[in-house]
Amino acid sequence: MMCMDKVYKLAGLRKAVAERLGYSLRTSLPVALMTDYDASRLLTVYNGLKQKLGVESPSLTALITKSVGNLLSRYKDFNAVVEGDEVRVMDEVNIAVAVDTPRGLYAPTIKNVDGKTVFEIEAELRRLVERAEKGTITLNELVGHSFTISNLGHLDVIYFTPIINPPDVCILGVGAIKDYGYGPRGHLTLVFDHRVVDGAPAAAFLREIRKSLENPAIP
């Protein structure tokens, strides 16, 4: 006789997430591209800020979000959403950042990333995560994005293929930074909707992300 330890219903937030991501898989043509990058300068900036500012210093997620946001203001085809049969290239750079909380997975949106400092991005991210954890985050704080970043590096994941967060065209999976004996290497996966973006432009965009993280601007 099989013993079941726990049975629960797929409902509420978990059901909404499943339906939303299921819709993405049914309607998009996801393709994943992976690369690694020299993370030595990024870690130098991160560790320098941490030593100077302590707990108030920006996270690696905030630094990466800022770098990607700056690129999206120039690579506009990747700052886009799909609405039915139409593709809308957005003027504002609004990036959703996936966060895991005791209440489940949320992806709050940081608005106008290209116009914010990394310190402002970090403050906004902390505020939104706190609201998500308390269950007080609003729908307006979860929508309006045109790109998504999901960072599992802190869980020691190297590469993964996140599901595109609709209506976005792309999502960036950020993996762990590992030292293989020749310096720290970070790992990235860009998943894009092949209905909208072709492989070569996506590869070129991922290359630019890699270059921006290898030569991060000091905030």
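How many nonpolar, polar and charged residues are in the lining of the second largest pocket? By class, that lining has seven nonpolar, four polar and two charged residues. The model described here is predicted. Helix α3 (residues 60-72) gives the most to the lining of the second largest pocket, with five residues. The helix contacts of α3 take up much of what follows.

**Second largest pocket**

- The volume of the second largest pocket is about 200 Å³.
- Its lining is made up of 13 residues. Those that lie nearest the pocket centre are Lys66, Ser67, Asn70, Pro216 and Ala217.
- Lys66 is also one of the α3 residues in the contact with α4, and Ser67 is one of the α3 residues that meet α5.

**α3 with α4**

- Helix α4 covers residues 118-134, and its axis comes within 9 Å of the axis of α3, with a crossing at roughly 120°.
- α3 and α4 are therefore oblique to each other, and α3 passes α4 in a right-handed crossing.
- On the α3 side, the contact is made by Thr61, Ala62, Leu63, Thr65 and Lys66. On the α4 side, Val118, Ile121, Glu122 and Leu125 take part.
- The residues of this contact divide into five nonpolar, two polar and two charged.

**α3 with α2**

- Helix α2 (residues 40-53) packs on α3 at an angle of about 130°, and the two axes are 10 Å apart.
- α2 and α3 are therefore oblique to each other, and their crossing is right-handed.
- The α2 residues of the contact are Leu42, Leu43, Val45, Tyr46 and Leu49. From α3 come Leu60, Leu63 and Ile64.
- By class, the contact of α2 with α3 has eight nonpolar residues, with no polar and no charged ones.
- Leu63 takes part in the contact with α2 and in the contact with α4.

**α3 with α5**

- The axis of helix α5 (residues 199-214) comes within 10 Å of the axis of α3, and the two cross at roughly 130°.
- That angle makes α3 oblique to α5, and α3 passes α5 in a right-handed crossing.
- In α3, the residues Ile64, Ser67, Val68, Leu71 and Leu72 meet Phe205, Glu208, Ile209, Ser212 and Leu213 in α5.
- The residues of the contact of α3 with α5 divide into seven nonpolar, two polar and one charged.
- Ile64 meets α5 and is also in the contact with α2.

**Backbone geometry in loops**

- Most residues other than glycine have a negative phi, and most peptide bonds are trans.
- Pro166 and Pro167 are joined by a cis peptide bond, with omega about 10°.
- Pro167 has its place in the loop between β7 (147-151) and β8 (170-174).
- Asn112 has a phi near 50°, a positive value in a residue other than glycine.
- The loop that holds Asn112 runs between β6 (109-110) and α4.

Technical notes: Residues numbered from 1 in each chain as written. Predicted model: local features only at pLDDT ≥ 70, side-chain atom pairs only at ≥ 80, totals over all residues. Heavy atoms only, no water. Axes fitted to C-alpha atoms, helices over the stretch in contact; angles between N-to-C directions. Helix = DSSP H or I, 4+ residues; strand = E, 2+ residues; numbered from the N terminus. Parallel < 35°, antiparallel > 145°, perpendicular 65-115°, else oblique. Left-handed = near helix turned anticlockwise from the far one by under 90°. Contact = heavy atoms within 4.5 Å. Nonpolar A, V, L, I, M, F, W, Y, C, P; charged D, E, K, R; others polar. 1 Å grid on protein atoms, 1.4 Å probe; cavity = no way out; pocket = protein on both sides within 12 Å on 5 of 7 lines; lining within 4 Å. Points joined across faces, edges and corners; volume = space filled by probe spheres on them.
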